[in-house]
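The questions below go from the whole fold to single residues.

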Amino acid sequence: MKNSKKTVLITGCSSGMGRITALYLSRCGYKVYAGSREPYKLREIENESLVPIKLDIRDFKSVENALSDIKRVDVLVNNAGYGLVGSVEEVSEEQMLEQFDVNVFGVFRVCKAVIPKMRENGGVIINISSFLGKIGLPLLTFYNSSKYALEGITDSLRHELKPFGIRVHSVLPGFFDTNFARENLVTNKTTFSEKSPYKSIVSTLAPTLIEQINNGNDKIEVAKLVLKIIEDENFKARVAIGQKAKKFIPMRQILSDEEFEDRVESYYNLDGLK
Ligand SMILES: NC(=O)c1ccc[n+]([C@@H]2O[C@H](COP(=O)([O-])OP(=O)(O)OC[C@H]3O[C@@H](n4cnc5c(N)ncnc54)[C@H](OP(=O)(O)O)[C@@H]3O)[C@@H](O)[C@H]2O)c1
């Protein structure tokens, strides 16, 4: 796709990968609509090429309103998401539904509103998934399965939208230093209490994950990759980015499920835990 003020919509832009991608693409000549539940947080980077818009992907009305004044969307980056941390038996139904409402149904809501605006001229949809969309970890069952679902969305939508010249891609980041661990990991209180039967998994895994995210790769890499995907019509369907993703995704492809599980358990010191 040639870069002549194409229009990009990105979700979840108040921080992290969304914010930096909005800034980067706007500086590369794109007109970016930066969606956020709190668009005032984008005021200091707002300009003619970077327009903050109020967008809550949990609410279809909000999505429709956000898109009502945008005639054409050439690129959609489904970026907004958060991580629920808790055991399956302890997480409440409300928490469980909320995780999928944002990470999965939020993507559907935005796609439903954007595809009609993209269909005539073609376009690109980029789903920011996770390397945890291909790897299971304890306490992250809800988050991981939401990202596995996103992988399925990419695979099916690629077929469905190909006849209209719309490419769909999945980006699987490893750990990146964003607000994710600081603000958008939602922990279940019961799982994190002293009484929880999962407390040894919590004390082994949670600090490691937080440390690895906070010391993760630089989010600008994601912004640069998004630009590459937009501009290369032949870009592959799915791409891993960041150290952890590049370590685990190829391993997943060559090992059996059980061998891979052993590697993950040994890497995160989960073997022998009870
Ligand atoms: N950081 C990592 O290590 C990592 C690794 C793999 C994948 N990812 C994925 O990358 C994407 C971006 O995350 P990030 O790392 O940039 O983290 P971030 O800085 O925390 O940004 C996440 C954005 O998602 C939106 N969001 C969070 N909770 C939400 C909710 N309950 N409802 C609606 N929107 C919500 C927020 O947007 P607004 O406040 O602007 O609405 C927020 O700015 C996410 O989909 C995440 O799963 C991150």
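Q: What percentage of the 274 residues in the protein is buried?
A: This is a predicted model, where local features need pLDDT of at least 70, side-chain atom pairs count only at pLDDT 80 or more, and totals for chains, interfaces and linings use all residues. Residues are numbered from 1 along each chain as its sequence is written. A residue is buried if 20 or more other C-beta atoms, placed from the backbone, lie within 10 Å of its own; 12 or fewer make it exposed, and anything in between partly exposed. Buried residues come to 42%.

Q: How many helices and strands does the protein have?
A: Helices (H or I, at least four residues) and strands (E, at least two) are DSSP runs, numbered from the N terminus. The count is nine helices and nine strands.

Q: Why does the protein count as being as compact as a globular protein of that length?
A: The radius of gyration is taken over C-alpha atoms, and the globule rule is 2.2 Å times the number of residues to the power 0.38. For 274 residues that rule gives 19 Å. The protein is as compact as a globular protein of that length because its own radius of gyration is close to that, at 19 Å.

Q: Which element gives the largest share of the shell around the ligand?
A: Of the 29 residues around the ligand, G12, S14, G16, S36 and G81 come nearest. Two or more residues come from each of α5 (180-183) and α1 (16-27). The largest share, three residues, belongs to α1.

Q: Which residues touch the most other members of the largest nonpolar core?
A: A nonpolar core is a set of buried Ala, Val, Leu, Ile, Met, Phe, Trp, Tyr and Cys residues joined through C-beta atoms within 7 Å. In soluble globular proteins, nonpolar side chains tend to be buried together. The largest core here has 72 residues, and those touching the most other members are V8, V32 and A34.

Q: Is L139 buried or exposed?
A: L139 sits in the loop between β6 (123-128) and α4 (141-161). Its phi is positive, about 70 degrees, although L139 is not a glycine. With 25 other C-beta atoms within 10 Å, L139 is buried.

Q: Is N269 buried or exposed?
A: N269 lies in the segment after α9 (257-267). N269 has a positive phi too, about 55 degrees, and is not a glycine. Because 11 other C-beta atoms lie within 10 Å, N269 is exposed.

Notes: Near = placed C-beta within 6 Å.
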